[in-house]
Amino acid sequence: MGKWLYVFIFQLFLQISMKNMDIILKYFPTLSESQRSQLSALYPLYSEWNAKINVISRKDIENLYQNHVLHSLSIAKLIQFQAGSRVMDVGTGGGFPGIPLAILFPDTQFLLVDSIGKKIKVVDTITGALGLKNVRTLHGRVESVSEKFDFIVSRAVTDLPTFYQWVHKKIGKPVRNSLENGILYLKGGDLEKELKALPVKRYYEYPISLWFNESYFQEKSIVHVPL
């Protein structure tokens, strides 16, 4: 009985997620069936885990696709990672932006890093359930990572100057994408003070409202710091 109840609840969540997927398909209408299936599975998976661990704000779980998945995928409007690219997601939390990007770019290799073990456990379980073969995880601090990457992505884990100091030595060569290798940082609000405090003079701020017209994105940006 318990098993059938679990299956029923999962199927119910899946139906809800298919409806909420409309906002993703609005901006990414050419997703493959596999990608649609993987993205649709995020809602039941995160709903189940959020009942155990506060991976996403419990008040925000209903907005999973707009506030977390689509927000993560805004990076795909700025750059289409080429096959063989290497990307590290620092402070991934429950897997954002890394998991949605890994779904969209199956030929790009992702390392998702977080210092909180229970969050990495969630990420491992979800990537396993989705069958993502292009994702590795690390429970630890970014300072312990010795590899080099084309891009380092993150969602507002700290102020930009601090984040730069954490990761700037982790960027490698060659350049294989339309953007120079570097940091791609998702953050909201007025960034002028943080940008001026960066120890480098070249950076580019892209308002996410360039691509998405929902009010949630009005004050959110992607900052590209080429290194």
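So, secondary structure first: this protein has 10 helices and seven strands, where helices (H or I, at least four residues) and strands (E, at least two) are DSSP runs numbered from the N terminus. Please keep in mind that this is a predicted model, with local features needing pLDDT of at least 70 and side-chain atom pairs counting only at pLDDT 80 or more, while totals for chains, interfaces and linings use all residues. Residues are numbered from 1 along each chain as its sequence is written, and side-chain values use heavy atoms, with hydrogens and water left out.

Now the overall dimensions. For 227 residues, a compact globule would have a radius of gyration near 17 Å, and the protein agrees, with 17 Å. That radius is taken over C-alpha atoms, and the globule rule is 2.2 Å times the number of residues to the power 0.38. Along the principal axes, the C-alpha atoms fill a box of roughly 60 × 35 × 30 Å.

What share of the residues is buried? The figure is 52% of the 227. Buried here means under 20% relative accessible area, exposed means over 50%, and partly exposed is in between, with a 1.4 Å probe and protein chains only. The protein exposes about 10900 Å², and carbon and sulfur atoms supply 54% of that area; the areas come from the Shrake-Rupley method with a 1.4 Å probe, and for residues only the protein chains shown count as cover.

On contacts, meaning heavy atoms within 4.5 Å: among those with a separation of 6 or more, 69% are between residues 24 or more positions apart. As for charge, there are 27 positive and 20 negative side chains, and the centres of the two sets lie 4 Å apart. Lys and Arg count as positive and Asp and Glu as negative, with His and the chain ends not counted; each charge is placed at NZ of Lys, CZ of Arg, CG of Asp or CD of Glu.

Let's walk through the strands. Two of them pair if DSSP finds at least two bridges between them. Strand β4, residues 151-155, has four of its five residues buried, so the rest of the structure largely encloses it. On one side of our walk, strand β1 (residues 86-90) pairs with β4 in the parallel sense over three bridges, and Asp 89 has Val 153 as its bridge partner in β4. Then β4 pairs with strand β5 (residues 182-188), again in the parallel sense, over five bridges. There, Ser 154 has Tyr 185 of β5 as its bridge partner.

From β5 we move on to β7, and these two run antiparallel, joined by seven bridges; Ile 183 stands opposite Val 225 in β7. Strand β6 (residues 204-207) is also antiparallel to β7, with four bridges joining them, and Tyr 204 stands opposite His 224.

How many residues of β7 are buried? Seven of its seven. Both faces are covered, with Lys 220, Ile 222, His 224 and Pro 226 on one side and Ser 221, Val 223 and Val 225 on the other.

Ile 222 is worth a stop. This residue of β7 (residues 220-226) has a relative accessible area of 0%, so it counts as buried. Not counting residues up to four places away in sequence, Ile 222 touches a list of residues including Ser 74, Leu 78, Leu 184, Tyr 206 and Trp 211. Leu 186 is 36 residues from Ile 222 in sequence, yet the C-alpha atoms are 4.7 Å apart.

Over to the helices. Helix α5 (residues 64-73) is mostly covered, with nine of its 10 residues buried. Among them are Leu 64, Tyr 65, Asn 67 and His 68. His 68 has 9% relative accessibility, which means it counts as buried. Beyond four places in sequence, His 68 touches Ile 56, Asp 60, Asn 63, Phe 96 and Arg 155.

Two more residues before I stop. Glu 194 sits in helix α10 (residues 192-197) and is buried, with a relative accessible area of 18%. Leaving aside neighbours within four places, Glu 194 is in contact with Asp 159, Leu 160, Pro 161 and Lys 187. Asn 177 is in the loop between α9 (160-167) and β5, and at 10% relative accessibility Asn 177 counts as buried too. With neighbours within four places set aside, the contacts of Asn 177 are Ile 79, Gln 80, Phe 81, Gln 82, Ser 85 and Phe 151.
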